[in-house]
Amino acid sequence: MHKVLVPKYNGAHRFACLALYRALLRQCRPSAADTPWLGEAEPLIRWNFRKYKKLQSPSQTANALKAGYEALDLLSSSHTNQHDAHQITTLIAQARSQKDKYAAMQRKIRPVAPPAKPLTPKKARKEESIRFQEETNQRHPNATSILNRPRPLGDKKRNVPVLVNARGLPFLRYKKPQPRNVSSVIRTKLGRRWNWIERRDRLKIELLFAKDEEEWDRVTETKEPSTWSEHPANAIVDVNAKIAHFDMHAKELADNMWKIVLAEKALAEEEASQKQPKQ
């Protein structure tokens, strides 16, 4: 059984096609002669080579190469022969007309795009959540401290906040969804505290090794200017102080926020009683 030879995978065929392609493009370079059609011939050559680059039939491949060599001869003689130049402009005009007809036919048979389907409630909520997260990514420039509450609202209904405990970090939630900048601040603070805890655990391990070094110095009767465990122990004390200060600040913040909740609740009840009609 004869082996099927695919032209595009043959080195000699590829070399011949690329040589023909470069020669055709070289003939389309602008020259001093009055040949404005050269600018239109180059994209036509590129388009035809892309169109026929996947040919596998030997007869079709031979016909395409024959047409390419004839076009090369025509381009070469068109600089001096007006008849050949006129023939090239006619072929370009025919190709442009055929392309316009094909585009018009495609526009006619192209199906009309269906109207956009209305969003489902689930997708609508999802898009609204994404839009809200993008809007609340940065803190509002006119935002005041959360501790500067309660504030007068006028005729608006007062919304009593909820004191929320986020892994030991308190914050007031007035409504859902939660603003993105609030979530970012919470993650940053909790991440800082967790880094301190991990550092303390590493220092405790280093402290054990330091005590082993001190025991070795005692056995070998080696004198050191300072103990091995001095620096890890001091670092552990420093980290514990940072964690304790963080927790103390969180406790004070929770106390202040709870006072705000009680004040907001009292004002909400007072404003609701004032708005009720007298009997």
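This is a predicted model: local features need pLDDT of at least 70, side-chain atom pairs count only at pLDDT 80 or more; totals for chains, interfaces and linings use all residues.
How much space lies in the second largest pocket? About 1300 Å³.

**Stop 1**

Select Thr-144, Ile-146, Arg-149, Pro-179 and Val-182. Of the 36 lining residues, these are the closest to the pocket centre. Now colour helix H5 (121-135), strand S2 (169-173), helix H6 (180-219) and helix H7 (230-275). Each of these elements supplies at least two residues of the lining. By class, the lining has 16 nonpolar, nine polar and eleven charged residues.

**Stop 2: two cis bonds**

Stay with Arg-149. The peptide bond from Arg-149 to Pro-150 is cis, and its omega is near 5°. Pro-150 sits in the loop between H5 and S1. Next, select Lys-176 and Pro-177. The bond that joins them is also cis, with omega near -5°. Pro-177 belongs to the loop between S2 and H6. For context, most peptide bonds are trans.

**Stop 3: the hairpin**

Show strand S1, residues 162-166, together with S2. The two strands pair in the antiparallel sense, over five bridges. Pick Leu-163 and look across: Leu-172 in S2 stands opposite. S2 is mostly covered, with four of its five residues buried.

Two residues lie between the strands of this hairpin. Select Arg-167 in the turn. Its phi is positive, near 55°, in a residue other than glycine. Is Arg-167 buried or exposed? Its relative accessibility is 65%, so Arg-167 counts as exposed.

**Stop 4**

Jump to Glu-221, in the loop between H6 and H7. Here too phi is positive, about 55°, although Glu-221 is not a glycine. Most residues other than glycine have a negative phi. Glu-221 counts as exposed because its relative accessibility is 70%, where the cut-off for exposed is over 50%.

**Stop 5: the largest nonpolar core**

Select Leu-169, Phe-171, Ile-186, Trp-196, Val-239 and Ile-243. Of the 14 residues in the largest nonpolar core, these touch the most other members. S1, S2, H6 and H7 each give two or more residues to this core. Which element gives the most? H6, with six residues.

Centre the view on Trp-196. Leaving aside neighbours within four places in sequence, Trp-196 is in contact with Val-239, Lys-242, Ile-243 and Phe-246.

**Stop 6: the largest pocket**

Finish at the largest pocket, which holds about 1600 Å³ of space. Select Leu-44, Ile-45, Asn-48, Phe-49 and Tyr-52. Of the 42 residues that line the pocket, these lie nearest its centre.

Colour the helices next. H1 (11-27), H2 (38-51), H3 (58-78) and H4 (82-109) each supply at least two lining residues. Which helix gives the largest share of this lining? H2, with eleven residues. Then colour the lining by class: 24 residues are nonpolar, seven polar and eleven charged.

Notes: Residues are numbered from 1 along each chain as its sequence is written. Side-chain values use heavy atoms; hydrogens and water are left out. On a 1 Å grid over the protein atoms alone, a cavity is a set of points where a 1.4 Å probe fits but cannot get out, and a pocket is an open set with protein on both sides within 12 Å along at least five of seven lines; lining residues have an atom within 4 Å of a point. Grid points are joined across faces, edges and corners, and a volume is the space filled by probe spheres set on the points. Ala, Val, Leu, Ile, Met, Phe, Trp, Tyr, Cys and Pro count as nonpolar, Asp, Glu, Lys and Arg as charged, and the others, Gly among them, as polar. Buried means under 20% relative accessible area, exposed over 50%, partly exposed in between (1.4 Å probe, protein chains only). Two strands pair if DSSP finds at least two bridges between them. A nonpolar core is a set of buried Ala, Val, Leu, Ile, Met, Phe, Trp, Tyr and Cys residues joined through side-chain atoms within 4.5 Å. Contact means heavy atoms within 4.5 Å.
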